[in-house]
Amino acid sequence: MNSTRLTNNKNIDTNQKISFYFDGKNYFGYKGDTLASALLANKIHLVGRSFKYHRPRGFLSAGTEEPNGIVQLENDNVTEPNRRATEVLLYEGLRATSQNRWPNIKFDFGAINDFLSPFFPAGFYYKTFMWPPTFWKKYEFFIRHAAGLGKSPQTDDPHQYEHYHYHCDLLIVGSGISGLYAAEMIAEKDLKVLLVEQEDELGGSLLSDQNSEQKINDLSLLKWKDKILNNLKTKANIKIITSTTLFAYMHYNYLLAIQDMNPLDGLKKKNNIRQIIWKIRAKKVILATGSIERPITFDNNDRPGIMLANSASKFLNYYGVKLASELVVFTNNDSAYQTAIDFHKKGTNVKAVIDVRSYKESDIIKKTESLGIKIYYNYAVTNTSGRLKIKSVTINKIDDSVKKIIGPSLKIKCDFLCVSGGWTPTVHLFTQSRGKLIYRNHDGAFIPNQPFQDTVSIGSCNGTFHLNEILDETYIKIKEILISFNNNAQIDQKYKSKTNINNQHKHAWLIPSTKHFGKTKMFIDLQNDVTAKDIKVALREGFQSIEHVKRYTTTGMATDQGKTSNINALGIISDTTNRKIDDLGTTTFRLPYTPVTFGALAGRHIKEFFDVERKTPMHSWHIDNNALFEDVGQWKRAWYYPKADENMNNAVNREVKATRDSLGILDASTLGKIDIKGRDVGEFLNRIYTNAWLKLEIGKCRYGIMLGDDGMVMDDGVTTRIDENHYVMTTTTGNAASVMSKLEDWLQTEWPELQVYLTSITEQFGTISLNGPNARKVMEKISPSHDFSKENFPHMSFQNINIDNVSCRVMRISFTGELCYEINVPSSYANSFWKKCIKAGKEFNITPYGTEAMHVLRAEKGFIIVGQETDGSITPIDLDMNWIVSKKKYDFIGKRALYRSDTIKEDRKQLVGLLTKDSNEILEEGAQLVEKETTLPMAMVGHVTSSYYSPNLGRSFALALVKGGSNKKGFKLLAPMPNKTIEVEITSPVFIDPSNERLNT
Amino acid sequence: MFIIKCPYCGEREQAEFTCGGEAHIIRPKNPPELTDDQWADYLFIRQNNKGLQLERWNHFFGCRQWFNVARNTATDEIIKIYNMGEKAPIVEIEEPTTPSGEPSIGSGNFSTSTNTAKNK
């Protein structure tokens, strides 16, 4: 037990010693400590270096608003930066490192910035690193090195995270006096309630104010709390979660909270759920989020050993840490007097209370005086001394406006200074919910005015600071809520407290200094190192809006989001510019309220659960046969099947050649398949495709192109008429879902008179595509009784064939230009049918080919791929497919747009083939084409869309979109590349079998 | 994230729905007779109101049915949900009133002084 620890503290279990490390050195704390309280008990006040000037810093607070005491927790793959030590519960073996210092915290090289501070004014980076522009890359290296707080882990996070949905009648945020009273009132009724508390223990401000002599009814605050908690334990309709921070308040009372599951195990415990994101939907929300004490802005107000008064009380009362032996308290309101009393009672020499106000009697001031504590009225702390910890304060008498020093300096030796600049209601969640604030001048507080959602604010987050008022307000507002839930039974006010006489807060935004203002270091934002001077510089340079001042000076932009600094910045701007704070407004309170780990946001949606992976029924065969896979949307498609020592080029060339020479087999199961039934399918197809569909016979297939109403190609595919009122449409793999949606959209919203029903059957059928001159022989082998002759089963026709008692839909359609049969079998049979085909095709050297060979084969034949040859700006005319655009139809989707002034222009980009002069040169897809090389910029006339080597042609070839290309066959173009210029000639886009002989065999 | 009451399934999270843009855009019955400008109007010109917006929504991860929604885009309040093909409802909402076009309540960044708002 060390001398800084008080005995008789029931929150700290001194029988359970906990060992931890800070900056590599071993210390001890006790069960119940936070890292902050344990460090302070070990007399460690210096816990970090400031961001810009690397000034020594200590804890300012005991809670979530802490700007200085942020540490890197643990190391390696479980490390977490920017953790507020005031919120980290101590656990055995904890390792924390101070941030932002080099080489160590007591001697920090970066502290030279402190001496150079005149050269680091507001907007320093904007002003300095702007020129010469070419130097930016050099600056960037150093800026990146200096910027940022903490280090992120470099390897996978071993923890798991979870998301949890919760619906309730009422959500209470915060468990201070008002939150607990509200919870008890509501829990009496038959309502589902969730109470969320960010700390690991319920009680809120009660935990730090426990020495107060105020009473609720006749109970001390702590006894009252225990009574309520005992009562709540018996209620099944209230769920209480602690160590849970509500960090976002969104539409329709949708709120997000993050719960730390093992606050006592910290990051050490692995392979279990570390944090849960609660996604809460509440009918009504009760905000009881409390308030945050403000620091005061005076010269050298940032030394270790300067702490917010109420936080000091919490360390003293709750954690039993005796912070000081000689204490000075500096305040502009009554609340800090309690801190003076608390410390006095625990044996600290309270040397003085410095109050900027004049003497006026109030209950608590009377009490302080009666204890013999010296109070300086109309005085202010104007400076402090002590490099690594405060050693003394300088005080001066000041005028009534707190703007001028009117008396000589007086030095008071001390080892701790508590400050209180008043209280700021925690309205973050209220404003996130888009509620409107109103400014209250007498204590400089923005308080909730008009809520936007079904929200009620109670207690100090509503600007209600006195105990009796909090109890009255909670009772009245919760009663209203209960009545709104039809709980009209008699509800009495159970708890009351007597009225105290309090003195008013007095504004003291900026304490004057004996020094020239330019030489002062009055910090407003401690985490981002923004001083009062910076704010004034920004104003002088013409920044008026609070949002601009914020960005220029970076005040309030650190990880604490200005919880302790924003209001002080506003006060100083208001004072300097003589504008009312009401008129300045506030900056936006953005979510999250406190930083949230990426792990928690991702939850379980990582790795294989990040997105759906779709696999075809033949997937296992592809794996067994050495396929590499390509992602097409969510689908895993076989890309190519390399043999022993083949590279990609060899494998693809082999697959392409074998298909043209004899037989190739492709898994086409991923193509979208839409089953279309109904009386009016013919009419429907006629409206959505560019060509004619009314006369398609049963058993026939037809290729169609689908446009948007802007005339641009949206999708293509073959549709087969299976029966009188039954069709099957195929779509491209990637567009299957969007085509289905668009068709459904037209049917439901534009043509409800059509009797057409769409069903996606993509996953119900596996599709085997047999391509090549020997395809027919395989079909004859697997179904010997069927007539596969050209006469009986011609190109673009369909037959339902029973093979081995399985009903197969076989289509003669082709995406290679070869004789092709596409066998659609129910998915559960697809893998065995695939193997059956492989076996039957063995004698014909059947070669499985993947998507890469498929691309080469279709490009050789001049078949387009939507999304490769088209990019949303290409019409079918541009693709040289006039033949598929009906001239006779009065209307179809996209028709009108095909003769807009722009779409009929002759120099639109049109599909052509390209042959390089050097037949081994393979153009890069996306390469730009020009007519002649001139100085930059050259006029570009087109670009390459597909480019491959063709083993069948024995040379490279490409497809391209070229301005006016349809009429430019034989023209020469250039493709300028970084290291050379490639000559190309425009050709027809069909390189193989232009007369379709192979196709129609 | 708001809650939408699908007319077929009931109240569901917004994540289940997709928005299909402005409602009551009817595809012309006589495209060949329209000028380029008229066709462009149908294709591209849409309202983007701050305030009342009539829009199409689809219960995409649900029943996949389309329906119409009258929504106040300044507050995200859903005022009315009605079927495809129904006439646009007559809806009165409180129009945005502040000089900057912000809604009278609910903007994120604002001055709290009522006087300034009037004086500007």
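A crossing of two helices is left-handed if the near helix is turned anticlockwise from the far one by less than a right angle, and right-handed if clockwise. Keep that in mind for the first stop.

Some housekeeping: this is a predicted model, where local features need pLDDT of at least 70 and side-chain atom pairs count only at pLDDT 80 or more, while totals for chains, interfaces and linings use all residues. Residues are numbered from 1 along each chain as its sequence is written, with chains lettered from A and ligands numbered from 1 in the order in which they are written.

**Stop 1: a helix pair**

Select residues 177-187 and 221-233 of chain A, which are helices α5 and α6 (helices are DSSP runs of H or I, at least four residues; strands are runs of E, at least two; both are numbered from the N terminus). Their axes come within 10 Å and cross at roughly 35 degrees (axes are lines fitted to C-alpha atoms over the stretch in contact, with angles from 0 to 180 degrees between N-to-C directions). Look along the pair and you'll find α5(A) passing α6(A) in a left-handed crossing. Now show side chains: Leu180(A), Ala183(A), Glu184(A) and Ala187(A) of α5(A) meet Lys225(A), Ile228(A), Asn231(A) and Leu232(A) of α6(A) (contact means C-beta atoms, placed from the backbone, within 7 Å).

**Stop 2: the cores**

Next, pick Leu171(A), Ile286(A), Val329(A) and Ala380(A), the members with the most core neighbours in the largest nonpolar core, which has 158 residues. Such a core is a set of buried Ala, Val, Leu, Ile, Met, Phe, Trp, Tyr and Cys residues joined through C-beta atoms within 7 Å. Buried means 20 or more other C-beta atoms within 10 Å of a residue's own, with C-beta atoms placed from the backbone; exposed is 12 or fewer, and partly exposed is in between. A second, separate core of 89 residues includes Trp639(A), Ile768(A), Ala775(A) and Ala958(A).

**Stop 3: helix α19**

Jump to 681-688 of chain A, helix α19, and colour its buried residues: Val681(A), Phe684(A), Leu685(A), Asn686(A) and Ile688(A). Their cover includes β34 (672-677), β35 (701-707) and α20 (736-750) of chain A.

**Stop 4: across to chain B**

Show both chains: 34 residues of chain A are in contact with 27 residues of chain B. Over on the chain A side, α20(A) gives the most, with 5 residues.

Finish on chain B by itself, with its 2 helices and 6 strands. Trace these from the N terminus and the order is β-β-β-α-β-β-β-α. Of its 120 residues, 18% count as buried.

Notes. Two residues are in contact if their C-beta atoms, placed from the backbone, lie within 7 Å.
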